[in-house]
Amino acid sequence: MLLHDTALIFGRYARQTLRSRFAMLFGVLMPLLYLLFFGPLLTDLPLGSQGSSWQVLVPGLLLQLGLFGAAFAGFTVIIEKNQGVVERMRVTPVSRLALLLGRVLRDAAVFVFQAALLVLAALAMGLRAPVAGILIGFAFVALLTLSLASLSYALAMKVRTPQEFGPAINAMTMPSMLLSGLMLPMTLAPGWLDVLSHFMPFRYLVDAVRDAYVGSYATAHMLYGVLVALGFAALAVTVGTRVFRKAGA
């Protein structure tokens with residue numbers, strides 16, 4: 001029943017997404033602008049990392065896509081609560097876990113599709129990376145989306161208005177972007193800032209994807225990245241599931 005209910009919820013939100021293709025394509029605009037206008041500035045600069053400047057920038061932009069997109073996914077739940085959709089779902093026999101999984105799996109599919117568009121644009125601009133590395137990057141985007149979307153939906157179930165939700169998400173996403181080295185490797189930062197960034201879990205994902213993009217798979221960065229991504233996803237889905245179950249009680 002869980003699989004059936006998850007597929008049912010996934011289909012509902014996937015159809016909503018397909019009816020708004022413009023919004024789906026517009027979501028990739030910010031990383032694409034970074035790619036077009038920031039990427040050329042890094043050409044031939046000593047970035048203190050193996051690989052070309054594109055192999056440094058593109059992995060960061062992929063995870064930036066998942067970070068900002070999934071973190072704000074909870075806005076849809078606030079809208080649905082105000083329209084009574086959540087209340088109507090509560091009285092159905094659908095699994096409360098499926099109410100979460102259907103949503104986050106739809107988000108993961110959307111952001112992996114957007115990540116593919118971003119990589120295609122990057123290839124046209126000069127990115128060269130192994131196919132396995134690109135696929136590993138998509139897997140990390142999917143895991144990050146599952147994690148952050150779960151937490152975003154959980155927070156949205158707790159707050160009442162977008163005015164409460166927006167500042168809380170901004171307070172989380174901005175430090176995450178600055179301390180995880182999405183734009184530039186944190187090895188370029190002062191020593192104290194580099195040490196501080198190790199307390200940010202997203203840094204390990206960024207370092208792992210950058211290793212994958214240069215064809216280095218059996219590295220400490222990759223091991224730490226996989227462990228952090230899987231652990232964070234398990235924790236986030238657990239938290240999100242508890243919130244949805246309590247809300248549906």
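Modeller: The side chains of Arg203 and Asp194 are joined by a polar contact of 2.4 Å. The model is a predicted one.

Colleague: What makes the pair Arg203 and Asp194 a polar contact?

Modeller: A polar contact needs an N or O atom of each partner within 3.5 Å, one able to donate a hydrogen and the other to accept it. The side chains of Arg203 and Asp194 come to 2.4 Å, so the pair meets the limit of 3.5 Å.

Colleague: Where is Arg203 found?

Modeller: Arg203 is in helix 11, which covers residues 201-213.

Colleague: Why is Arg203 called buried?

Modeller: Buried means a relative accessible area under 20%. Arg203 has 7%, so the word applies.

Colleague: Which residues does Arg203 touch, not counting those up to four places away in sequence?

Modeller: Arg203 touches Leu179, Ser180, Met186, Thr187, Asp194, Ser197 and His198.

Colleague: Now to Arg106. Is Arg106 buried or exposed?

Modeller: The relative accessible area of Arg106 is 10%. The limit for buried is under 20%, so Arg106 counts as buried. Arg106 is found in helix 7, residues 96-125.

Colleague: What does the side chain of Arg106 reach at 3.3 Å?

Modeller: At that distance the side chain of Arg106 reaches the backbone oxygen of Tyr13. Its side chain also has a polar contact of 3.0 Å with the side chain of Thr17. Both distances are within 3.5 Å, so both pass the distance limit for a polar contact.

Colleague: Which residues does Arg106 touch, leaving out those up to four places away in sequence?

Modeller: Arg106 touches Phe10, Tyr13, Ala14, Thr17 and Tyr153.

Colleague: What places Gly102 among the buried residues?

Modeller: Gly102 has a relative accessible area of 0%, and buried means under 20%, so Gly102 is buried. Gly102 is in helix 7. Beyond residues up to four places away in sequence, Gly102 touches Thr6, Ile9 and Phe10.

Colleague: How do you know that the radius of gyration of the protein chain agrees with that of a compact globule?

Modeller: For 249 residues, a compact globule would have a radius of gyration near 18 Å. The protein chain has 18 Å, so the two agree.

Colleague: How many helices and strands does the protein chain have?

Modeller: The protein chain has 12 helices and zero strands. What share of its residues is buried? Of the 249 residues, 48% count as buried.

Colleague: What share of the contacts with a separation of 6 or more is between residues 24 or more positions apart?

Modeller: Such pairs account for 81% of those contacts in the protein chain.

Colleague: How many side chains are positive and how many negative?

Modeller: There are 18 positive and 9 negative side chains, and the centres of the two sets lie 12 Å apart.

Notes: Residues numbered from 1 in each chain as written. Predicted model: local features only at pLDDT ≥ 70, side-chain atom pairs only at ≥ 80, totals over all residues. Heavy atoms only, no water. Helix = DSSP H or I, 4+ residues; strand = E, 2+ residues; numbered from the N terminus. Rg over C-alpha atoms; globule rule 2.2 N^0.38 Å. Buried < 20%, exposed > 50% of the residue type's maximum accessible area, 1.4 Å probe, protein only. Contact = heavy atoms within 4.5 Å. Lys, Arg positive; Asp, Glu negative; His and termini not counted. Charge placed at Lys NZ, Arg CZ, Asp CG, Glu CD.
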